[in-house]
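Subject: Structure for you to look through

Dear colleague,

Please find below the structure that I promised to hand over, with the sequence beside it. After it I have written down what was found, and I hope that you will read the text with the model open.

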Amino acid sequence: MESYPQPARALVAQMAEAAAADPARAVALQGAPGCNSHRAALEYDPGCQPLPCFAFEDALDALKDGRADRAIIPIENSQHGRVADIHFLLPESGLSIVGEHFMEIHHALMALGQGPFTGAYSHPQALGQSRHFLRERNMVPLSYADTAGAAAYVKERGDTGVAAIAPALAAELYGLDIVANNVEDAADNMTRFVILAREPLAPAALAGGPAMTTFIFEVHNRAAALYKALGGFATNAVNMTKLESYQVGASFAMTTFYADIEGAPGDPRIDRAMEELAFHCKYVRRLGTYPQARARG
């Protein structure tokens, strides 16, 4: 808790106490009260008890330790790409994806007073999503662990020459003035969150509705291995909505892929495609199958 700026600590303590009293309703999240993950948790489950954690690893640990029943983690933004290194964090955590949530992201510039400002603190994602706004005003982007934490830090510093970029809720919680609303560079700014749990969803929980399956895999290091591995999704008419590569280790010879597909195991098309994938891979690890939150065109 000492990692948070002082203005946030009382709120963190209050929310942690409420979560501890009812862990079955607790949802762990990364960031200070008022951050986008806090908003997303309340949108996804208005009756939950949000449990703020300083780092993504802390949020996953809270879930693994039973201090929370679920965790909500942002994984990608429509404007600025990947958010959390879920590719690395989730496989080693032993947790499962049980849901997804999409939330429109709107940032506000907030401060003690109306400026002028030499710089603005925020999470690197929010700074990237507002880079044109900052550049046009000659404001230096200053990285902080999360958006609402940046607002609390500006309040703690008491410096009227710097601002924060955060959800409007953070200004209300930490007593800052909103200087400008909707400072994001794109009007259709959207972040996708995943909901994690200790156990995967039972197939019956999907109730035959639209589903997503997320998995990671590593192909054999030989010519056309990826082409052949993915062929089964094409021949079985399985829609792959995401494919992303990342390196494991320092050799740059071991590429792991992270993928999302529409559908669930038990569907013959999915089972055939996954079987063909496994034939061409060193390993395939499913991270979760869960209800699809929105249609993908």
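**The cavity**

The largest cavity holds about 230 Å³ of space, where a cavity is a set of points on a 1 Å grid over the protein atoms alone at which a 1.4 Å probe fits but cannot get out, and where a volume is the space filled by probe spheres set on the points, which are joined across faces, edges and corners. Before going further, please note that this is a predicted model, in which local features need pLDDT of at least 70 and side-chain atom pairs count only at pLDDT 80 or more, while totals for chains, interfaces and linings use all residues. Residues are numbered from 1 along each chain as its sequence is written, and side-chain values use heavy atoms, with hydrogens and water left out.

The structure holds one cavity of 30 Å³ or more. Its lining is made of 18 residues (those with an atom within 4 Å of a point), and the closest to the centre are Asn36, Pro74, Val83, His123 and Thr147. Which helix gives the most to the lining of the largest cavity? That is H5, with three residues; helices and strands here are DSSP runs, numbered from the N terminus, with at least four residues (H or I) for a helix and at least two (E) for a strand.

**The five-stranded sheet**

Five strands form an open sheet in the order S8-S7-S9-S6-S10, with mixed pairing, and two strands are said to pair if DSSP finds at least two bridges between them. Strand S8 (140-143) and S10 stand at the edges with a single partner strand each, so one side of each is left without a neighbour in the sheet. From one strand to the next, the twist averages 35 degrees; for such angles, axes are lines fitted to C-alpha atoms (for helices over the stretch in contact), and the angles run from 0 to 180 degrees between N-to-C directions.

In a regular strand the side chains alternate between the two faces of the sheet. In strand S6 (residues 108-111), Ala108 and Met110 point one way while Leu109 and Ala111 point the other way, and all are buried, which is to say under 20% relative accessible area with a 1.4 Å probe and protein chains only (over 50% is exposed, and in between is partly exposed). S6 runs antiparallel to strand S9 (residues 162-166), to which three bridges join it, and Ala108 stands opposite Ala166 in S9. S6 is also joined by three bridges to strand S10 (residues 177-180), again antiparallel, with Met110 opposite Ile178. By contrast, S7 and S8 run parallel and are joined by four bridges.

**Ser122**

Ser122 has its place in strand S7 (residues 119-122). Is Ser122 buried or exposed? Ser122 is buried, because its relative accessible area is 0%. A polar atom of its side chain lies 2.6 Å from the backbone oxygen of Ile165. Leaving aside neighbours within four places in sequence, the residues in contact with Ser122 (heavy atoms within 4.5 Å) include Leu127, Leu142, Tyr144 and Ile165.

With best wishes

Key:
Polar contact = N/O pair within 3.5 Å; in protein donor to acceptor, adjacent residues only side chain to side chain. 1 Å grid on protein atoms, 1.4 Å probe; cavity = no way out; pocket = protein on both sides within 12 Å on 5 of 7 lines; lining within 4 Å.
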